[in-house]
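The following explanation is intended for a reader meeting this structure for the first time. Please have the sequence and the model at hand while reading.

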Amino acid sequence: MTRLLVPLMLVVLAALTVYPIVGSGYGVRSVQQVFMWITLAGSWNLISGLTGYVSFGHVAFFGAGAYAGALLVASAGWPWPLAALAGGAAAVLLAVVIGYPCLRLKGPYFAIAMLGLNEVLRALVSYFEGITGGGNGLSLPTLDASVPIYYVMGVLALVVTGLSWLIVTSRFGLRLMTIREDELAAEAMGIDTFHHKLGAFLLSAAGPGVAGALMARDQGYIEPISVFPLAITVTMIVMALFGGKGTVFGPVIGAVVLFVAQEIVWARYPYVHPLLFGAIIVAVVLLMPRGVLGLLQQRYRMPRTI
Amino acid sequence: MNVVITPAMLAQVIVSGILAGSLYAMVALGLGLIFGVMRVINIAHGPLLMLGAYATYFLTTGAGLNPFLTVPIAMALLFVVGVALQRTLVFRVVDAPELSSLLLTFGISIALVNLAQLAFTSDLRAVEYITGAWVVGGLALSKPRVIAFLFAAGVTALSFVLLKSTRLGKAIRATSQSREVAMVCGVDVARIHMLTFGFASALAAAGGALLAMIVAIQPEMGGVWTFKSFLVIVLGGAGNYPGALVGGLLLGLVEQVASLFLTTQLSEVVAYVLLVLVLLVRPSGLLGGRQT
Amino acid sequence: MTPKAPAALAVALALAVGGVVPATAQAPIRIGASLSLTGTYAKLGKNQHEGYQICEKELNAKGGLLGRKVQFVVYDDQSMPATAVRLYEKLITEDKVDGVMGPYSSPVTEASVNVTEKYKKVMVAPLAATTSIFKRPPGQKRNYVFMVISPAEVYLEGLLDTGVKRGLKTVAVVNEDTLFSKAAASGAEEVAKKKGLQVVFKEAYPKGNTDFSALLTKVKAANPDIVAAATYFDDAVALTRQMKELAVNPKMFGVTVGGDLPEFYDTLKQNAEYIYGATQWEHVLPYPGNQEFFDSYKKEFNHEPSYHSAAGYAGCLIYAEGVKRANSLDADRVREQLLKLEMRTPFGDYKVDQDGFQVAHKMVTFQWQKEKKVIVWPEDLAKGKPLFPTPPWTSR
Amino acid sequence: MPPVLEVEAVRKSFGGVAAVSDVSLTLEPRRIYGLIGPNGSGKTTLFNCITGIERLDAGRVSFRGERIDGLKPWQIARRGIGRTFQVIRVFPELTALENLLVVTRGPRAEAERRGRELLEFVRLGPLAGEYAGNLSYGQQKLVEFVRMLMTDPTLILLDEPAAGVNRTLLNDLLDAVARLRDAGKTVLLVEHDMKVVMGLCETVFVLDHGEKIAEGSPGAIQADARVIEAYFGR
């Protein structure tokens with residue numbers, strides 16, 4: 001299996017590397033968006049897919065990264081690659097601040113606390129308009145960097161996926177899964193579940209933070225409403241779920257399939273595509289809660305690392 | 001440019017907070033029932049409220065009914081919708097991990113909002129019935145909000161009577177305390193789930209019907225209500241139904257007072273900080289007993 | 001053989017050898033646009049789309065543009081800037097459209113314009129009212145984007161000017177915290193300063209807010225002569241209702257967007273009386289072709305156009321005029337024409353400065369009087385006198 | 001040498017009902033203790049109090065002379081108290097071997113070797129790669145048992161090890177427990193099967209309605225009037 005998989009992945013990587021040379025502007029931007037969704041879905045998977053703690057406001061880290069990165073570019077004149085890293089750092093910092101109280105909450109309470117966090121960040125960004133521009137949004141100097149951003153976003157997606165692989169194959173990752181399976185038993189076996197959760201939470205915040213900052217730079221304009229929407233959170237969750245949560249490549253598959261579906265199929269039905277999206281969510285939850293890979297793994301006894 | 005806040009202003013917003021709080025309490029009671037009985041966080045609760053508002057709008061403008069008469073009709077209609085949703089979809093995620101119920105009901109929620117958009121368009125609509133205020137001792141009591149308050153208080157009180165004294169209510173409470181015990185005692189749990197979901201949807205509809213006379217109606221109006229309702233049941237204590245009343249009034253007061261002293265934007269932040277604090281200090285809510 | 005046959009034969013032959021093709025048989029000019037057909041701005045984006053459709057139909061009825069048919073290619077951006085950015089990129093690089101028109105709303109335009117600038121495409125943006133899109137710091141100038149409507153900053157000018165002329169001294173400014181409303185509010189503050197009005201209260205509220213009790217309690221305590229609210233529709237309605245409930249009685253109360261919609265009166269009924277509103281356009285305004293546009297729009301879509309419809313329609317006409325005068329689709333040549341074009345459209349006057357910023361179009365201020373919007377400002381377009389001062393709620 | 005475990009006047013109530021009231025017991029090294037009592041007498045609650053899953057209302061718990069009440073469950077486990085659960089709590093979506101690996105620290109290869117060894121020891125070697133959730137009840141019980149051993153605990157708390165286990169397996173298990181004692185461990189087990197308790201334990205504690213009503217050798221306990229009353233009613 002892996003004998004076939006590794007060369008295949010190398011071919012795909014090579015193709016993606018040369019793509020900006022032949023692809024149209026739209027093509028490059030679309031693939032870059034796929035990278036972004038892989039990053040988001042893969043990162044969500046690190047905390048929620050592995051530990052079962054449902055982060056229902058994961059877009060908060062994306063938005064925090066977007067604002068941190070954009071502010072550093074606009075006000076401090078930082079070069080965007082550095083600002084992107086800072087966006088990741090800002091998201092991790094936020095995860096520390098919010099993780100200490102919120103990761104002590106259980107089940108649905110954690111989910112709702114995260115949902116609220118997202119709303120609150122939006123309110124705060126709007127309120128501190130002296131810094132953030134508030135509802136005016138933040139406009140960045142014009143810059144055509146869509147190809148470099150394509151590569152950086154690609155590397156980011158690769159890093160997040162590689163990190164998932166490292167984690168899933170490590171004892172750290174297995175311990176995260178014990179939190180999902182039976183947190184109490186894990187504690188009784190000497191596993192420091194809180195700090196494990198916190199570790200996963202911080203890792204899961206970094207990717208979205210960097211992605212947010214990159215998106216802000218690429219788009220050149222951000223505003224509170226468009227970087228903190230619940231829809232982004234739900235989309236990344238559905239992608240991870242569709243591909244198979246708790247797996248390494250599930251989020252990748254989900255991001256690719258659903259993004260392509262959205263671009264090709266939904267664009268044809270402008271007035272009903274939100275309905276389609278709703279139907280897909282319901283179908284994924286009811287018919288394939290383990291996702292594509294989960295089903296395959298069960299049926300063909302494939303290892304979790306695929 | 002700043003305004004000095006006087007006791008009279010504080011009194012005025014406290015009144016507003018209580019008026020708003022009663023609606024919060026009634027709507028949140030529905031969400032709380034579903035959560036208590038089925039362990040489902042119903043993201044579609046807000047959109048069901050929106051459907052209730054449209055019911056009132058069309059019954060008032062189309063059939064020419066008195067808006068207050070439409071409240072029970074909207075409740076009955078949404079009871080049916082709720083039962084149907086539960087029977088077809090929601091029953092599958094009862095007791096499932098919260099991810100499933102959150103996503104499933106979110107899916108239902110965007111489907112409802114977009115169906116409403118297709119069916120009713122996103123034109124803003126409103127039911128203008130009673131406007132203005134009664135002035136009592138310098139305090140302005142908004143007529144529509146006071147009437148909504150009375151309705152909400154009435155519906156909530158009736159709900160408590162129903163939960164407390166009827167066979168059905170007892171079965172609902174038993175099921176929310178322990179499904180196994182309820183089953184052993186001969187409660188048809190599947191039926192209770194259905195009725196609870198219908199009943200909860202009816203409460204949301206009542207909220208929507210009353211709101212229709214207060215704010216503009218549009219397909220996306222329900223969104224904030226899901227989150228607010230959840231705040232209320234957390235404040236009051238999940239599974240503790242009278243807690244919804246306390247939580248609702250508390251949220252209404254906190255929002256209004258925070259809006260007065262800070263700004264309307266920051267009141268949301270204050271409410272959230274309150275939520276996290278309450279969850280950390282008393283995970284079972286302000287009125288809740290000890291969680292095991 | 002019928003007399004027509006030789007001609008038909010000649011055309012067929014010409015087509016077959018790919019020789020001289022009649023102008024009308026050329027491929028159409030395709031104009032791309034991303035619009036908010038769903039999501040937050042669905043209703044307004046749809047009106048703009050219908051404006052484009054009327055324009056498309058009208059241009060084609062008159063023989064098209066440069067002798068070619070005009071065809072709009074429209075995608076839905078779900079009111080999200082990120083999606084719009086991708087869609088403009090798609091329109092330009094994949095669909096290879098000949099020209100583009102602007103999307104709905106300032107935020108979406110602000111994001112999309114980065115793409116159209118990158119590909120040097122002229123974009124007439126008929127529904128972007130924010131100054132910052134056009135007025136850029138040196139080194140970040142945008143060259144190909146053109147403004148049609150009046151900037152958000154002047155929305156409340158008419159209200160304040162009318163008040164000052166009647167000796168009013170104080171104003172409270174409240175606004176929804178979104179791009180457009182904020183700009184309108186800060187514009188109002190500027191105007192107030194210039195005219196010597198004192199701003200006694202200013203506060204923003206979040207989008208989607210429905211309970212204004214606390215805010216209005218503070219407004220009431222500040223006791224301003226004028227309440228200027230930079231709103232969208234639902235907050236305009238909620239504010240009005242609660243002002244009545246809390247007996248907030250300024251001598252003038254005006255809103256920005258929403259107050260001009262027929263639904264505003266339908267919703268509030270007599271409570272809408274005396275309220276001032278600002279609008280970019282009214283069908284009663286004596287602009288050339290305005291009445292015809294109104295009639296054909298109503299016939300086509302079974303509802304009245306809003307100013308979004310008219311702006312979309314006019315924006316498309318302006319672009320077409322630029323193309324016609326340049327006699328080319330080339331961006332630089334069209335840009336040159338659009339920069340010096342002065343035109344009176346059914347939507348009002350068009351003329352831009354070197355940044356593509358609108359300088360000729362006029363906002364009008366109206367007041368709801370006996371179920372009708374009566375234009376009361378500016379004086380040259382006014383159809384009536386404002387009923388002043390606004391009586392307290394109890395005696396309306 | 002201090003006792004392995006000292007439980008002093010521990011009290012725990014739920015909603016006004018005392019689940020454990022003023023229970024004290026002392027465990028010496030290298031011994032096997034039994035904890036018996038009718039259903040609902042507070043045995044599992046006492047286990048939870050010792051392992052930090054429940055907070056005490058009063059009293060103290062010391063492990064090898066150090067107070068451990070108030071510590072988090074994982075801190076207590078790391079000090080050397082291992083336990084199994086009355087209802088099996090394996091991690092179903094981890095393989096049998098992974099179930100063992102997660103509780104280890106230190107070099108992974110060494111942990112894996114020891115894990116396989118222990119699985120061999122309970123004759124689950126061939127199933128090391130199987131998801132624990134797919135194993136039979138008895139096999140899961142064994143996985144849970146060896147998972148606990150992986151932490152190399154000084155004190156072992158077993159909650160009904162015999163329940164639902166067939167005769168052969170049970171004998172193996174009891175054998176293993178005896179050997180653990182011989183290797184220097186202390187064992188406290190909750191058990192309903194009197195034959196197991198009487199055959200294995202050196203000292204037996206009896207709980208009833210949350211109170212300790214007797215303590216002594218199996219023989220003495222069997223003859224104790226209060227114990228008989230507790231079991232068979234008045």
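The paragraphs below treat the fold of one chain and then its interface with another.

The model is predicted: local features need pLDDT of at least 70, side-chain atom pairs count only at pLDDT 80 or more, and totals for chains, interfaces and linings use all residues. Residues are numbered from 1 along each chain as written, chains are lettered from A in the order of writing, and side-chain values use heavy atoms without hydrogens or water.

Chain B contains eleven helices and two strands, these being DSSP runs of H or I with at least four residues and of E with at least two, numbered from the N terminus. Their order along the sequence is α-α-α-α-β-β-α-α-α-α-α-α-α. The C-alpha trace of chain B spans about 65 × 50 × 35 Å along its principal axes. Of the 292 residues in chain B, 62% are buried, that is, under 20% relative accessible area with a 1.4 Å probe, protein chains only.

At the interface, 36 residues of chain B are in contact (heavy atoms within 4.5 Å) with 40 residues of chain A. The buried area, meaning the accessible area (1.4 Å probe) lost by both parts on being put together and summed over both, is about 3,200 Å², and carbon and sulfur atoms give 86% of this area. B:Leu99, B:Leu103 and B:Tyr272 supply 19% of the area that chain B buries against chain A, more than any other three residues. Between the two chains there are zero salt bridges, defined as a side-chain nitrogen of Lys or Arg within 4 Å of a carboxyl oxygen of Asp or Glu. Helices H4 (98–120), H9 (223–236) and H11 (264–281) of chain B each supply at least two residues of the side that touches chain A. The largest share, 14 residues, comes from H4(B).

Methods:
Buried area is the accessible area (1.4 Å probe) that two parts lose on being put together, summed over both. Buried means under 20% relative accessible area, exposed over 50%, partly exposed in between (1.4 Å probe, protein chains only).
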